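Subject: Structure handover and notes

Hi,

Here is the structure I promised to pass on to you. My notes on it follow just below, so please have a look at both together.

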Amino acid sequence: QVQLVESGGGLVKVGGSLRLACAASGSTFSDLRLGWFRQDPGKEPELVAGVSRSGGDTYYAHSVKGRFTISKDTAKNIVWLQMNNLKPEDTAAYYCGASLPSTAEVGLHRRDYNYWGQGTRVTVSS
């Protein structure tokens with residue numbers, strides 16, 4: 001029902017910026033709860049940013065707060081993750097998640113998302 005395609009990953013220097021895009025299709029965009037997860041080998045997937053279906057509520061992991069911004073582009077059905085001041089520990093595969101929630105709240109756990117993209121790799125060089 002919902003398809004998600006990530007793009008925008010790549011290699012960037014410490015202190016640089018990247019903007020990841022998650023293009024959503026197959027459902028009304030305004031109905032979607034959206035989030036960005038990342039997974040580094042040997043670690044559990046981590047929710048780095050989430051946004052409620054209305055866009056009115058957001059969540060950021062402490063490690064990225066103040067550096068990353070999640071936003072919805074309703075005209076293009078894209079959720080962006082703007083990443084600034086990148087650090088080596090930001091290196092990971094980044095995944096977009098979505099759900100059609102029964103509530104309007106930000107999803108804070110993997111179980112709050114049931115649609116997934118294939119991921120895009122971000123590498124931050126020291």
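How many helices and how many strands does the secondary structure of the protein chain come to? The answer is zero helices and 11 strands, where helices (H or I, at least four residues) and strands (E, at least two) are DSSP runs numbered from the N terminus. Along the sequence, the pattern therefore reads β-β-β-β-β-β-β-β-β-β-β.

Two housekeeping points before the details. This is a predicted model, with local features needing pLDDT of at least 70 and side-chain atom pairs counting only at pLDDT 80 or more, while totals for chains, interfaces and linings use all residues. Residues are numbered from 1 along each chain as its sequence is written, and side-chain values use heavy atoms, with hydrogens and water left out.

**Overall shape**

Along the principal axes, the C-alpha atoms fill a box of roughly 40 × 25 × 25 Å.

Of the 126 residues, 45% count as buried; buried means under 20% relative accessible area, exposed over 50%, and partly exposed in between (1.4 Å probe, protein chains only). The accessible surface of the chain comes to about 6400 Å², and 47% of that belongs to carbon and sulfur atoms. These areas come from the Shrake-Rupley method with a 1.4 Å probe, and for residues only the protein chains shown count as cover. As for contacts (heavy atoms within 4.5 Å), 61% of those between residues at least 6 apart in sequence join residues at least 24 apart.

**The disulfide**

The structure holds one disulfide, the term being used for a pair of cysteine sulfur atoms within 2.5 Å. C22 and C96 form it, with their sulfur atoms 2.1 Å apart. The link is left-handed, at -80° about the S-S bond. C22 lies in strand β3 (residues 18-25) and C96 in strand β9, so the pair ties together parts that are 74 residues apart in sequence. C22 is buried, with a relative accessible area of 0%, and C96 is likewise buried at 0%.

**Aromatic pairs and charges over rings**

A search of the whole structure finds three aromatic pairs. For this, rings of Phe, Tyr and Trp (its six-membered ring) pair if their centres lie within 6.5 Å; planes under 30 degrees apart count as stacked, over 60 as edge-to-face and the rest as tilted. One of the pairs is F37 with Y113, edge-to-face at 5.2 Å centre to centre and 85° between the planes. F37 sits in strand β4 (residues 33-39) and Y113 in the loop between β9 (92-99) and β10 (115-116), 76 residues apart. Both are buried: F37 has a relative accessible area of 3%, and Y113 has 3%.

F37 also pairs edge-to-face with W116, at 5.1 Å centre to centre and 65° between the planes. Here F37 is in strand β4 and W116 in strand β10, so this pair ties together parts that are 79 residues apart in sequence. W116 counts as partly exposed, at 37% relative accessibility. Together, F37, Y113 and W116 form one aromatic cluster.

Two charges sit over rings, which here requires NZ of Lys or CZ of Arg within 6 Å of the ring centre and within 35 degrees of the ring normal. R19 lies over the face of W80, at 3.8 Å from the ring centre. The charged end of K72 sits over the ring of F29, 5.7 Å from its centre.

Which residues does L47 contact, leaving aside its neighbours within four places in sequence? They are G35, W36, F37, Y59, A61, G107, L108 and Y113. L47 is in strand β5 (residues 46-51) and is buried at 8% relative accessibility. L47 and Y115 are 68 residues apart in sequence and 14 Å apart in space, C-alpha to C-alpha.

I70, in strand β7 (residues 68-73), is buried at 5% relative accessibility. Not counting residues up to four places away in sequence, I70 touches L34, G35, W36, A49, G50, V51, T58, Y60, V79, W80 and L81. I70 and Y95 are 25 residues apart in sequence and 13 Å apart in space, C-alpha to C-alpha.

Best wishes
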